[in-house]
Amino acid sequence: MRQRPDLSLRDVALTSQTYRRHFPHRLAVAARDVPAALAGLRRARARTAARRPRVVFLFPGQGAEFAAMARGLYQHYPSVRADLDHGAELLAPVLGLDLRDVLVDDDPHGVVHRTDVTQPALALYEVALGRLLMSWGVRPAAMIGHSVGEFPAAALAGELSDDDMLRLVAARGRLMQDTPEGHLLAVLAGPSTVATHLAGLDELDIAAHNAPEVTVVAGPPAQLATFRERLGVAEVPCRALPAQRAFHSRMMADAARLLGVEADRVTHRPRTIPVVSSVDGALLDAGRPRAAGYWAAQMRSPVRYHDALLTALDRPDPVLVEVGPGTTLTSMARQTPQGRHVPGFAVQPRPTQRADAADVLAGLGGLWTAGVPVDWAAVRGDTRARRVALPTYPFARTRHWLDATPAPVPDDVEPAPPPATAGEGTVLGEIVQLWGRLLGSPDIGPDTNFFTVGGESLLFIRMVNQVQRRFAVRIPMEQLSAEPTPRILAELVTP
């Protein structure tokens, strides 16, 4: 490509995808032109594909949304456009608004984070995105939904029709929105530690267990404020979440009962794809029905995402893909020892409106490098491309030429040390390596912004705590948040 900058990337892609044997050692790049492709190829990481990977779809819940999150896919993929158009028209009389104002446009009414809008918007977008991936040949062996994310999982598994699912989620969002004001607090500690600090605060509940040391507590504002003070005294890190309702707590009891009535009216069909329950972490095999009153219990019970994830990770060669906006679920998986080295991909890692939907294609390429079969003809669609002459697969060379014996090195000459990697052995180098492990990315540099490569706020707090423990310093969070790069963090560690 350096020698022939006139090559069409479509032709290169067609030739590589269709007219080359796919070997285990793989690398994939999504780009719109040759310079971008060359830059991507220089920094991309090769991966060894698994023989029979088991794909696990992860559907995020409320909190992952942002305005115009579906714009790129809506503009580029007819199936996504058809799904969003149908769902928005179906729910317009129920919601009193067009969900495309939130999903495709810039949320002119400022309602993207309102529960009765957020939940159906996410459910609609995630089922459309999941169906797009499946049309490209990505077949999930199991699915996990976090809170409302379990509804699009049920629709793609065939349990609920899309229309019934959307109506049920719209009812769920409205019922939750109508509950009294409450809040959520994310605590960087396990449930047993959290339970100790909850003693005597009888109106609070554990609402979610997301990772070994990430627990969410829900309840009324006054008791949550008391609980937060206790955590501060005990030096347990926590962060208030933006929700204005106490999801998955006793404050949802009445809403859950009413949702159960609505769910009983919906036709439930045999499941065709296994789903891991977020209520108890159990695997619901194909054909196995859910227990009576499941959706009511799911609203009231804590989200046991960590348990569900462990169930999915127990399957051979799992590959995780986050089907929705953000990286929260794949980030939580990396905080679990069993998931630290499991391939995980987010198809929309950044809160941005990518006009070319390149993030989704990059995620698809990542899945292929992990061994997931992809129907490249379906991905290309009707784009015109032709086969071109390209170099063959770059097999590793083994040299067998007999060289002359090298001259002996005098004993008093000390061999030169190997050149040091940039930043190796320094505070900056350690921080770059830490970020690479936490974010699961090889592309971390001194000036990489934590949040533009898929970092999220809870993982940011966890990273800062690790740095503080490693170097025995206190990091001013506000100062680092203004410019969250390894270089700035290293300067704060060693002022």
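Reply: Terms come before residues. Buried means under 20% relative accessible area, exposed means over 50%, and partly exposed lies in between (1.4 Å probe, protein chains only). This is a predicted model: local features need pLDDT of at least 70, side-chain atom pairs count only at pLDDT 80 or more, and totals for chains, interfaces and linings use all residues. Residues are numbered from 1 along each chain as its sequence is written, and side-chain values use heavy atoms, with hydrogens and water left out.

Me: Then how does arginine 131 count, at 30% relative accessibility?

Reply: Arginine 131 counts as partly exposed, because its relative accessibility is 30%.

Me: Which side chain meets arginine 131 in a salt bridge at 3.6 Å?

Reply: Aspartate 83, with that distance taken N to O. A salt bridge here is a side-chain nitrogen of Lys or Arg within 4 Å of a carboxyl oxygen of Asp or Glu. Arginine 131 lies in helix α6 (residues 115-135) and aspartate 83 in helix α4 (residues 78-95), so the pair ties together parts that are 48 residues apart in sequence. Helices (H or I, at least four residues) and strands (E, at least two) are DSSP runs, numbered from the N terminus.

Me: And which one meets arginine 131 at 2.9 Å?

Reply: Aspartate 162, in a salt bridge, again N to O. This pair links distant parts of the chain, with arginine 131 in helix α6 and aspartate 162 in helix α8 (residues 162-177), 31 residues apart. Aspartate 162 counts as partly exposed, because its relative accessibility is 22%.

Me: How many salt bridges does a search of the whole structure find?

Reply: The search finds 16. Some are linked in a network: Asp85, Glu89, Asp98 and Arg100. Glutamate 262 also forms a salt bridge with arginine 265, and their closest N and O atoms are 3.3 Å apart. Glutamate 262 is partly exposed, because its relative accessible area is 28%. Arginine 265 has 61%, so it is exposed.

Me: New topic, sheets. What is the order of the strands in the open sheet of 4?

Reply: The order is β6-β7-β5-β8, with antiparallel pairing. Two strands pair if DSSP finds at least two bridges between them. β6 (205-211) and β8 stand at the edges with a single partner strand each, so one side of each has no neighbour in the sheet. The twist averages 20° from one strand to the next. For angles, axes are lines fitted to C-alpha atoms, for helices over the stretch in contact, and values run from 0 to 180 degrees between N-to-C directions.

Me: How many bridges pair β5 with β7?

Reply: There are 5, in the antiparallel sense, and β7 spans residues 214-219. Leucine 184 has alanine 218 as its bridge partner in β7. Alanine 186 stands opposite valine 216, also in β7.

Me: And how many join β5 to β8?

Reply: 3 bridges, also antiparallel, with β8 at residues 238-240. Leucine 185 has alanine 240 as its bridge partner in β8.

Me: Last one. Where is leucine 27?

Reply: Leucine 27 is in the loop between β1 (25-26) and α2 (34-43). Its relative accessible area is 33%, so leucine 27 is partly exposed.
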